[in-house]
Amino acid sequence: MSQQLAIIVMIDTENALEAGTLRGNTYLVDNMRRLGSRGECSGDLVSAVVGGHWSNGGQAQEQILNWLVGSLGSVPLTLPRNYHSHRVHRHDSRSLQSLGRLADAGGANAEDGDPLTEVRRIHREFGARIGTARGRHRHAHCDRLMDLTGRIVPEESSRRGDPVHSHPAPVLVDLCGEAVEKKVIHPAQYGSPDQDTDGWYWSAAVDTSRPGTYSYTMVVELQQLVRGPAGRTWRPRRMSHKARLNVTSTPMRNGFTGAGIGYLPVPSP
Amino acid sequence: MDVSEQDRAPVRRPISITSIVDCVGSLATGTLHENLYLLDSNRAGGSTGQGTPALRTRVSRGDRLLWTVITLECEAFAAIEDIRIDTGVCRPERHTYPDSDVAYWTATVARDDIGLVPYEITFRIGPGEASMTTPVPPALIGGTSPD
Amino acid sequence: MQQTRVNVVAVVDVIAALSDGTLEGGNMCLTDDSRYGSTGRGTTDLCTACLPGQLLTWTVLPVDVQTPVEIRSIRFLGHDGAALPEPPGEVPGEGEELGLAVWSGVVPASLAGRPPLLYRLELQMYEGVNSVLSVQSPAVRCAAGVR
């Protein structure tokens, strides 16, 4: 079977941050329902991994798992991962253009009124800066808030309590647990030129020679907006969630004979 | 609402309603039955049916709703073609995220006492003309609904 | 040195095939690694050149690795153009059973020197009413063997 397994991990980021746990706030979906996965779109998914073996016991096929994390409280996965930073750059570019126009007009533009008002407007719409807990930007795109429709949140509304924003996408930072310890799965991060995964995604090959049900743990890092003496910062919070794999292995057979190799079933001349 | 009231009132988060579409499954079987999962971000506020096509989203007057779609196969295409709901409750409109060709639908809930309001979503799936509708209606629930 | 094995590979755009309802139109391309002069490589009109005694193996690959496609059957067409009856190995199953089949067979000597023999390649993508698609245009041509 050449199909790779895809597991989508949808996290209710807002509620997970509030409750401090992924339990009850995580929904897993895979593309193996027709082969026996159970618990689709729940927190307790058991993914069916269907392996095949040769008559000498050797593993006949390579089963590959791929994980993709999504967030209910963020702009959708269909937008590229650099969408947030792209929007910030476009926004800044427009602010600079406004400043440029102001400078060119020499402060005498009747349409904009008092130039100081215009400067204040530009400053407000620049958006409140956000720092990270360590005082430097871990993700450059997270230094301004973006709302759920792709607009940069202006400074003014950020003073009225926690501003409504699209949460930075949660990131899968580790795969561990029983299935990894027992070497049933061999996970690693792989580089990808695909914009949608920001360059990295988790994938694992499966050893299907030991059938059984195994659990594994996903460690996810979310970003929480917190207010400190120096202003707003992103504080990373790591949470984990368990899911399971049900590994099976069945003997391979020849498609023409049902057993071993034979002659092609051609018509007689 | 005067300016000071506006300043005090906390801005409510929009309620995100996400549809996960299995493109291969729906194109092969010709139906969204068992190929569609709905989730919303208001489980804490009372939404039920998370992960099923019969999602019940708990709403109040003034809540902004945001519908988006993702596909199970990350390189496949699916989009919302239409959302049909009692216009007295809300009027969903299609918008595009700026600087992209990805669409979302949004609406604001007009009343509190809506009870249980079923609605339908029609999706366009895959590169062709395939169009499919929610196999069972999801719903909005609000006010004094027994749900 | 004589090539003992010839591999035929079908590469399928599963979502496009399911969406269009056909493997034609670029949704599937067939190719092989025969050194004996195959024609039609990259199309559904592949004619694989082989010699008696060689092991011919068919495999199918999806362009999008997260989409399912399996060989459901390979049946050579008789003189009347109809597919031969079901051979003993063919299991009318789906999914798991199909993924465990290896489509390999030895080219019999009786094929040597005959005109190209057409076969029907039937693929299963997921399950359901639209999931089975086939082509009857590829062929196998066996040259007279070297003693």
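Colleague: How many helices and strands does chain C have?
Modeller: This is a predicted model, where local features need pLDDT of at least 70, side-chain atom pairs count only at pLDDT 80 or more, and totals for chains, interfaces and linings use all residues. Residues are numbered from 1 along each chain as its sequence is written, while chains are lettered from A and ligands numbered from 1 in the order in which they are written. Helices (H or I, at least four residues) and strands (E, at least two) are DSSP runs, numbered from the N terminus. Along the sequence the pattern is β-α-β-β-β-β-α-β-β-β-β, and chain C has 2 helices and 9 strands.

Colleague: What pLDDT does chain C average?
Modeller: pLDDT is the predictor's confidence in each residue, from 0 to 100. In chain C, 90% of the residues score at least 70. The model itself has ipTM 0.90 and pTM 0.90. The chain C average is a pLDDT of 90.

Colleague: What radius of gyration does chain C have?
Modeller: The radius is taken over C-alpha atoms, and the globule rule is 2.2 Å times the number of residues to the power 0.38. For 147 residues, a compact globule would come out near 15 Å. Chain C agrees, with 15 Å.

Colleague: What share of chain C is buried?
Modeller: A residue is buried if 20 or more other C-beta atoms lie within 10 Å of its own, exposed if 12 or fewer, and partly exposed in between; C-beta atoms are placed from the backbone. Of the 147 residues in chain C, the buried share is 44%.

Colleague: Which strand of chain C gives the most to the side that touches chain A?
Modeller: Residues are in contact if their C-beta atoms, placed from the backbone, lie within 7 Å. The contact takes 35 residues from chain C and 26 residues from chain A. Strand 4 (55-62), strand 5 (70-76), helix 2 (96-99) and strand 6 (101-106) of chain C each supply at least two residues of that side. The most, 6 residues, come from strand 6.

Colleague: Which residue of chain C is the bridge partner of Arg253(A)?
Modeller: Strands pair if DSSP finds at least two bridges between them. Strand 11 (residues 253-254) of chain A and strand 6 of chain C pair in the parallel sense over 2 bridges. In strand 6, the partner of Arg253(A) is Ala101(C).

Colleague: Is Tyr126(C) buried or exposed?
Modeller: Tyr126(C) sits in the loop between strand 7 (117-124) and strand 8 (132-135) of chain C. Its phi is positive, near 65 degrees, in a residue other than glycine. Most residues other than glycine have a negative phi. With 27 other C-beta atoms within 10 Å, Tyr126(C) is buried.

Colleague: Where is Glu34(B) found?
Modeller: Glu34(B) also has a positive phi, about 70 degrees, although it is not a glycine. Glu34(B) is partly exposed, with 15 other C-beta atoms within 10 Å. Its place is the loop between helix 2 (23-29) and strand 2 (36-40) of chain B.

Definitions and conventions
Two residues are in contact if their C-beta atoms, placed from the backbone, lie within 7 Å.
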